[in-house]
Amino acid sequence: MASVRFTVTPTKAEDLPGGSDLSPDISLRSGSRVRFESDSANRSDPLSEVSGGVTSTSAGGGTDTPDHSSIDQGEGNSKTSSVYINSNHQVDDDDFYDKNLALFEEEMDTRPKVSSLLSRLVNYTNLTQGAKEHEEAESIGEKKKPSKSPQMGTLMGVYLPCLQNIFGVILFLRLTWVVGTAGVLQAFCIVLMCCCCTMLTAISMSAIATNGVVPAGGSYFMISRSLGPEFGGAVGLCFYLGTTFAGAMYILGAVEILLVYIAPGAAIFEGEGAAMLNNMRIYGSIFLLFMALLVFVGVKYVNKLASVFLACVIISILSIYVGALVSAFSVPDFPVCMLGNRTINAHDVVDNHCSKTVLVKVAAEKLDSNFTINENSTVGPTFDPTSHVPEVMVEKTTRLWKLFCHNSQLNATCDEYFTSNNFSEIKGIPGLTSGAISENLWGTYLHKGDVLEKRSLHASQAAHPASDRYPYVFADITTSFTVLVGIFFPSVTGIMAGSNRSGDLKDAQRSIPIGTILAILTTSLVYLSNVVLFGACIEGVVLRDKFGHSVKGNLVVGTLAWPSPWVIVIGSFFSTCGAGLQSLTGAPRLLQAIAKDNIIPFLRVFGHGKANGEPTWALLLTALIAELGILIASLDMVAPILTMFFLMCYLFVNLACALQTLLRTPNWRPRFSYYHWSLSFLGMTFCLALMFISSWYYAIVAMVIAGMIYKYIEYQGAEKEWGDGIRGLSLSAARYALLRLEEGPPHTKNWRPQLLVLLKLDEDAHVKSPRLLTFASQLKAGKGLTIVGTVVPGNYLQSYGEALAAEQTLKHLMDKERVKGFCQCIVAQKPRDGISHMIQSSGLGGMKPNTVVMGWPHAWRQSEDPQSWKTFINTVRVTTAAHLALLVPKNISLFPSNSEPCTEGYIDVWWIVHDGGMLMLLPFLLRQHKVWRKCSMRIFTVAQMEDNSIQMKKDLLTFTYQLRIDAEVEVVEMHDSDISAYTYERTLMMEQRCQMLRQMRLSKSDRDREAQLVKDRNSMLRLTSIGSDDEDDTDGGERDRAGSGGGSSEHHRRIQMTWTKEKTTQYRATHSGCSTPEGFRDMLSIRPDHSNVRRMHTAVKLNEVIVNRSHDARVVLLNMPGPPKNTEGDENYMEFLEVLTEGLERVLLVRGGGSEVITIYS
């Protein structure tokens, strides 16, 4: 082999089209040429190559020969490789016919070389969120711009985005209120429970996210690919709704900060309660409109603002810690006015006068009844030297007096509680070292309208509760532990931010677990430490004051911040706006991913968007749903809604991880190894418990919504095979159930017909008797096992495509008839062999068919080919040998369809012999279906002369009663009678016909044999006279040559003499043909066989009785006689069955399998 020297010109990867998707494919060619080709170049232009990149020089010192694609195309040997990632990638012949891989060259169109596949597998890039499977992503002719490889690390790609999404409006607006209401201990438990829930979910999510390459689809992608399209669609929509309502919650939080803490004067409607809610609705709708427009204009602006919003969050949190430390040395001045132990609204305290009266200097001449001289004052009258008018210290009523007494006069009648208690001031922020935590350890749950009270202050209790006419601080909602859980939980959501960005990460399988878990640890530490700090630094009544009314409308957490409350106010405002923008950005993309997966048909329109892929329609729907949340207008009402949706999403993430771990599927190999199925189940338990703790009725509503979506996808959605865990679970459950089933027959009480329906296809692959499947569906009513089988004649290697087409035909018919079951197509040279193989091999373990349903061979008398009825009888014998029951509907085309219910009529059962009780069970099963439900059942049995028909009827009535079957019972007496001339004549005609057809078939086979011998003789003549020009293929020509031949004429004559004189005489003696008068006279002289006469007599007599009694029945069920042991009587057997069922419109011939199928015992 000549040596080869490669000369490679250095080229930057980014200068080549495709950038990171380069795949060098170097192979030896004739003439020692080497080719370097780019997959990306081939994708964009199949004729293009990287020019000037590689040349080769032969060892013989030849000149460099550039490899031009035009030469390759001119060779005309191009082939298309069907590789897994890019099925349209083109490879040259030399790639297929490699010298070292000649053994595999014939299969390289479907099984590509590893060298041509590895580079593209390694350089696989993530696609947009859930848009398509990666196998469908690349297509020939698709021109890609050079793209930078993902460079984001753990810090910027996962950790900081998770921090920004987790920290949000609840931390700044509600955490202090949660601590004050629940107490430090219970608030610590609430936060710890929620953080444990998200931590366990993050562990499960990390295992799923590191189990292979995850396109940027977030939780929806993980759940749908792990649990299947039904669960994925249901939970994906729930997660979408949760994200959308989260956007509404953040907008409401921003509006609350604006109207309560930044610009209270901007309120359109004055007052509290309903007026405030209306303000929230108006401003929330305006905010939503602006944010939706910003997202519509471009996501890049949202991403640029994200870092600013994150900085605001971090600065705000740091200011809380600094303020807590500073409070230990310098207590902030936020006095709280108390009346007894009740908190006063600071908006009503004018000039900081937290008292009933104040001492003021007033000129003596201006004294009136509103003033009184303070007799206890030691200050005497004073004189103004300029005016020479004396001034005195007098006691003046304050604004609080007026509010409680409705009058500023000192002698006014005041509120009883006001009269018996005095005003006092306490520190709103006592400081870190004040010991306030001891008082804040325990919870104080309030009802709506209760006054905030400080339990450690002494007060004279009034006989009646506080009225909202007075300037107290009231609780706006009724609180409980469960309510607080539902309100707080949204503050720990957002853990999916890292997995949503997996397409931008340099090493997603390393960054997602580390970044997410570190973010949860950080936020959990912040939340838990803030619970302790708030309890230690802030007065309890201030903590319970949701809107800061007791501290002059300041944000409660802002009172602790350093250096100013405005740091928290401004920071929280921008952070909530940023979080709202992130939600309005992520939710439409999630909906677009679900729509593009095409699992929910009515969502397809939301998969479209602008030319750059932005989900315009999905954004519009998201904005409309978010507007519904804004119309609720209460942050505390919206939070539990999204709590439900997020908890349901997290529950299914844990379920997916636990399921994959327990099933031990071969593809479950996550790089993140610190997971266990028990942790996932614990996470599921936490999620489920938190759902019902926070709001049991919201939990039920969320589950009902998810269940409805699940069932909709199951019935209407597109079929998807994602290798999900539910399929694996079904496989494991099926294996477990099959192993539990006994190999032997089931107990009689558990017996039900497991059908094998044999259908026949015509030349165009259409089912000849589709009503057979209709009848099977009526018999089964969707229960048990149904296998629909057919036999395709031919060789499997040549007829594989026909078998697939036949299987698709059967599946389509099963869907049309709504039959739940399986298809089985067998390719065999002979139909009877195929049916035999199917009966033997169908089913698995204990789930094998026990009943065969097959059609009656129509027009078997007129058919020259006896194979149809011979196959039928052979199938009867095979089912009998296999101890299977057999159902043969005759005149199946007359049976009612599923849309033609019988309004009245009878199902008649003719119970002649007992073979397991099938005849009793079948009518009961048929009447479960709507078609036969209104039909009554009649049971007929036959009594002979020696039988006691009266006793038989009594016994039959008792038997049907014990079987719990409602039926009319009748015993038909059949008297002995002589064989009629009609029976004799019918038997004679049957035997004559059989004899005639047998001789016709024999003569036909003889003619075929003679023709074959002539053909063989001609072949021998050709071999002996090669080159002869006067060959004649006719029989006469051969005879002429044989008669006039020379030396070889004797040989020709020996070949020609097929029939000798002796053989002809012998044949005529043994096979007298019916075409001769002698043969016809022999046929007329046939005397019928006595056993045939007896059988015909039985068939005729039974038919007379059945037609007489059941001519008006909707269907007649009848015992099917067994075939004769001697195969020579097969044709007579078919005639007996015809006579037995003659004159009946619909007949179901039933042959039991020999085992009992019905019992009187419970």
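Trainee: What is the mean pLDDT of the protein?

Mentor: The mean pLDDT (the predictor's confidence in each residue, from 0 to 100) is 76, and 71% of the residues reach 70 or more. This is a predicted model, in which local features need pLDDT of at least 70, side-chain atom pairs count only at pLDDT 80 or more, and totals for chains, interfaces and linings use all residues. Residues are numbered from 1 along each chain as its sequence is written, and side-chain values use heavy atoms, with hydrogens and water left out.

Trainee: Where does pLDDT stay under 50?

Mentor: Residues 374-380 are one such stretch, with 4 contacts (heavy atoms within 4.5 Å) beyond four places in sequence. Where pLDDT is low, the predicted coordinates should not be read in detail.

Trainee: Now the sheet. What is the order of its strands?

Mentor: The open sheet has 10 strands in the order 14-13-12-15-16-21-20-17-18-19, with mixed pairing. Strands (E, at least two residues) and helices (H or I, at least four) are DSSP runs numbered from the N terminus, and two strands pair if DSSP finds at least two bridges between them. At the edges are strand 14 (822-828) and strand 19 (968-973), each of which pairs on one side only.

Trainee: How many bridges join strand 17 to strand 20?

Mentor: There are 4 bridges between strand 17 (residues 906-911) and strand 20 (residues 1115-1119), and these strands run parallel. I907 has V1115 in strand 20 as its bridge partner.

Trainee: And the helices: at what angle do helix 9 and helix 21 pack?

Mentor: Helix 9 (residues 229-262) and helix 21 (residues 616-632) pack at about 55 degrees, with their axes 8 Å apart. Axes are lines fitted to C-alpha atoms, for helices over the stretch in contact, and angles run from 0 to 180 degrees between N-to-C directions.

Trainee: Why are they called oblique?

Mentor: Angles under 35 degrees count as roughly parallel, over 145 as roughly antiparallel, 65 to 115 as roughly perpendicular and the rest as oblique; helix 9 and helix 21 are therefore oblique to each other.

Trainee: What about helix 7 and helix 22?

Mentor: The axes of helix 7 (residues 175-209) and helix 22 (residues 635-663) come within 9 Å and cross at roughly 50 degrees. Helix 7 and helix 22 are therefore also oblique to each other. Residues of helix 7 in the contact include C197 and L200, while those of helix 22 include L647 and Y650.
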